[in-house]
Amino acid sequence: MKVLVIDGQGGGLGRQLVAAVKAGYPDVEVLAVGTNSAATGTMLKAGADMAATGENSVEVACRKADVIMGPVGIVIADSMLGEITPRMAAAVGQSQAGRILIPVNMCDNIVVGIADLPMTKKVESAVEALADFMK
């Protein structure tokens with residue numbers, strides 16, 4: 001099983017996801033792709049098995065992943081203050097991988113109908129959802 005974690009800006013959410021996936025599923029291969037080098041470095045320090053940076057890395061990794069995890073903005077072009085390019089959003093959306101998206105109400109994208117939980121609880125829920133893909 002290959003899990004791809006995508007994040008941008010400082011990589012804080014990606015760091016939490018990588019650490020939680022590795023803690024819950026130590027045998028799962030985690031690839032972290034940051035939209036910038038700061039996010040990539042943060043996720044690598046959290047325990048990702050491999051890491052890369054940038055648009056082309058997102059496209060290539062999406063073709064190889066079984067599951068993609070990250071903030072909901074990774075499927076919205078120009079989100080995350082412009083860090084998600086249209087090609088990145090398309091690569092995530094068109095991937096054959098399953099997607100576990102964490103609602104983050106920022107950058108003019110508001111996800112309604114969900115509980116306003118702390119980020120740690122959202123990460124826990126995301127890792128629990130990963131179990132459905134492990135079957």
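Q: In which sense do S4 and S5 pair, and over how many bridges?
A: Strands here are DSSP runs of E with at least two residues, helices are runs of H or I with at least four, and both are numbered from the N terminus. Two strands pair if DSSP finds at least two bridges between them. This is a predicted model, where local features need pLDDT of at least 70, side-chain atom pairs count only at pLDDT 80 or more, and totals for chains, interfaces and linings use all residues. S4 and S5 pair in the parallel sense, over 5 bridges.

Q: What is the order of the strands in the open sheet?
A: There are 5 strands, and their pairing is parallel. Read across the open sheet, the order is S3-S2-S1-S4-S5.

Q: Why is one side of S3 and of S5 left without a neighbour in the sheet?
A: S3 covers residues 50–53, and S5 stands at an edge just as S3 does. Each has a single partner strand, so one side of each is left without a neighbour in the sheet. As for the twist from one strand to the next, the average is 20 degrees.

Q: Why is S1 largely enclosed by the rest of the structure?
A: Buried means under 20% relative accessible area, exposed means over 50%, and partly exposed is in between (1.4 Å probe, protein chains only). S1 spans residues 2–7, and it is largely enclosed because the number of buried residues among its 6 is 5.

Q: Through which helix does the chain cross from S1 to S2, and what is the handedness?
A: S1 pairs with S2 (residues 29–34) in the parallel sense over 6 bridges, and Leu4 stands opposite Leu31 in S2. The chain gets from S1 to S2 through H1, residues 12–24. A crossover is right-handed if, with the strands pointing away from the viewer, the path from the first strand over the helix to the second runs clockwise. This β-α-β crossover, by way of H1, is right-handed.

Q: Which residue in S3 is the bridge partner of Leu31?
A: S2 and S3 run parallel, joined by 4 bridges. Together with H2 (residues 37–45), S2 and S3 make a right-handed β-α-β unit. In S3, Leu31 is partnered by Met50.

Q: Which residues of H4 are buried, and where do they fall around the helix?
A: In H4 (residues 86–94), the buried residues are Met88, Ala89, Ala91 and Val92. Seen down the axis of H4, they fall within an arc of 160 degrees, taken from the directions from the helix axis to the C-beta atoms. So they line one face of the helix.

Q: How do H3 and H4 pack?
A: The axes of H3 and H4 are 9 Å apart, at an angle of about 10 degrees. Angles under 35 degrees count as roughly parallel, over 145 as roughly antiparallel, 65 to 115 as roughly perpendicular and the rest as oblique. That makes H3, relative to H4, roughly parallel.

Q: Is Ala97 buried or exposed?
A: Ala97 sits in the loop between H4 and S5. Leaving aside its neighbours within four places in sequence, Ala97 is in contact with Ala65, Asp66, Val67 and Ile68. With a relative accessibility of 6%, Ala97 counts as buried.

Note on methods:
Residues numbered from 1 in each chain as written. Heavy atoms only, no water. Axes fitted to C-alpha atoms, helices over the stretch in contact; angles between N-to-C directions. Contact = heavy atoms within 4.5 Å.
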